[in-house]
Amino acid sequence: MQSTRRDFLREGGKYLLLTGLAAQAWDFILAGTPEAAPNYDANKHWWAFYIDIEKCIGCGACVRACKTENDVPMEPLYFRTWVERYSIAGADPVHPKEELVPHVDSPNGGFDGFPRLPGLGGNAKSFFVPKMCNHCAASPCLQVCPVGASYRTKDGVVLVDQEHCVGCGYCVQACPYGSRFIPHEENAPYSRTAQKCTLCYHRLTKGLKPACVAACPVGARQLADMKDQFVPVRKRILTDRVAVLQPELLTEPSCFYLALDKEVR
C-alpha cells in the first residue's frame, strides 16, 4: 500500500489541492528522526550560519567537500551549496552616477574555482557569495509539502524525510533561494526525492563541523549555536552589520552574511 500511495502522489502531486479535510487525512504521515548521537540533546541548541563575504576567495573547497561528504551527484546541476561571483565594472567617468549592473556567474557552482574575468576596468570589483539552504524559521518549503516530508528539527535545521518524500517538487518550486533539487540519476541516493543542505546534521549531532565549514581554508563559513552565549560567532551575528538574502520575503533565514553588498540582496 505504501508503494502504491507513493507512486500515485508522485505522478498526481502537481494536481493535488489540499483542502482542510484532505490535510487532516495526511496527519498520520510523520517525519522521521534524523541520525543523531546518543548524547545529543536538540533542545539545547539552535543552529545558524555565518558567512563573511570579505574572506571568501571563491576557491570551491566548500563545494567539493559538500559533494563528497553528502554523495551529491557530480553533475553540474546539483548542489547543496554553491558559490556565486558578483563582478561590477568600474564607474563610467562620463556618467558616474549611472547604476552599475553586476555580472553574476557560478561556473559549475564554483566547484573548480573561478577563472579570471577580463575587461572589467581598473575600478572593477569582484566578490564571492556562498549560498545554501537558509534553514528559514518561516520556511515556504514546509508549508507546501503535502505529506510532511519537509520538517524542522528542534534545533532549527530544516530537513527532508527521504522515506516519506514523494518527489512532487512543490518544495523545489517554493524555495526562493533555489537551494533544493531532485536528482534523476538512477544511481543517486534516494533518487527522485528532494535534497538540500542539511548542515551536515549527521556530523553536527556528533560535535563535528559541517563539511563545508571544515574545508574552508580562510574561515569564511562558520556555524553558530544561538543558544550558546560563549560562542564568539553568535555575538558577531547579534552585533555585526549582518544581512540576509531577500529579507522582504519574511522567511526569517538562519543564514547571515557579513559585508553583503546591496547588489546581492
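This is a predicted model: local features need pLDDT of at least 70, side-chain atom pairs count only at pLDDT 80 or more; totals for chains, interfaces and linings use all residues.
Residues are numbered from 1 along each chain as its sequence is written, and side-chain values use heavy atoms, with hydrogens and water left out.

Helices (H or I, at least four residues) and strands (E, at least two) are DSSP runs, numbered from the N terminus. Buried means under 20% relative accessible area, exposed means over 50%, and partly exposed lies in between (1.4 Å probe, protein chains only).

Of the 10 residues of H3, 7 are buried, so the helix is largely enclosed by the rest of the structure. The buried residues are Ala61, Cys62, Val63, Ala65, Cys66, Lys67 and Asn70. Their cover includes E2, H6, helix H7 (211–215) and E7.

Lys67 sits in H3, which spans residues 61–70. A salt bridge is a side-chain nitrogen of Lys or Arg within 4 Å of a carboxyl oxygen of Asp or Glu. In the charge count, Lys and Arg are positive and Asp and Glu negative; His and the chain ends are not counted. Lys67 is buried yet has no salt bridge. The nearest side chain of opposite charge belongs to Glu75, 8.0 Å away. The backbone of Glu75 tells another story: its oxygen lies 3.0 Å from a polar atom of the Lys67 side chain. A polar contact is a pair of N or O atoms within 3.5 Å; within protein, one must be able to donate a hydrogen and the other to accept it, and residues adjacent in sequence count only if both atoms are side-chain atoms.

Contact means heavy atoms within 4.5 Å. Leaving aside neighbours within four places in sequence, Lys67 is in contact with Val72, Pro73, Met74, Glu75, Tyr78, Phe79 and Phe111.

## Salt bridges

How many salt bridges does the structure hold? There are 3.

| Pair | Closest N and O atoms |
|---|---|
| Arg203 and Glu69 | 3.8 Å |
| Lys131 and Glu84 | 2.9 Å |

Arg203 forms a salt bridge with Glu69. Arg203 lies in helix H6 (residues 201–204) and Glu69 in H3, so the pair ties together parts 134 residues apart in sequence. Arg203 counts as buried, at 18% relative accessibility. Glu69 is partly exposed, at 30%.

Lys131 forms a salt bridge with Glu84. This pair links distant parts of the chain: Lys131 is in strand E4, Glu84 in strand E2, 47 residues apart. Lys131 and Glu84 are both buried.

Asp105 is in strand E3 and Arg85 in strand E2, 20 residues apart. Asp105 counts as buried at 16% relative accessibility. Arg85 counts as buried at 5%.

Two strands pair if DSSP finds at least two bridges between them. Strands of a sheet pair through backbone hydrogen bonds, either parallel or antiparallel.

An open sheet of 3 strands has the order E3-E2-E4, with antiparallel pairing. Its edge strands are E3 (103–105) and E4, each pairing on one side only. From one strand to the next, the twist averages 25°.

Strand E2 (residues 81–88) pairs with E4 over 8 bridges. Within that pairing, Val83 stands opposite Pro130. E2 and E3 are joined by 3 bridges. There, Tyr86 has Val104 as its bridge partner.

Of the 8 residues of E4 (residues 125–132), 6 are buried, so the strand is largely enclosed by the rest of the structure.

## Strand E1

In E1 (residues 47–52), 6 of the 6 residues are buried, so this strand too is largely enclosed by the rest of the structure. Both faces are covered. Trp47, Phe49 and Ile51 are buried on one side, and Ala48, Tyr50 and Asp52 on the other.

Which strands pair with E1, and in what sense? Strand E7 (residues 221–225) runs antiparallel to E1, joined by 5 bridges. Ile51 has Arg221 as its bridge partner in E7. Strand E9 (residues 255–258) pairs with E1 in the parallel sense over 4 bridges. In E9, Phe256 stands opposite Tyr50.

How values were computed: Axes are lines fitted to C-alpha atoms, for helices over the stretch in contact, and angles run from 0 to 180 degrees between N-to-C directions.
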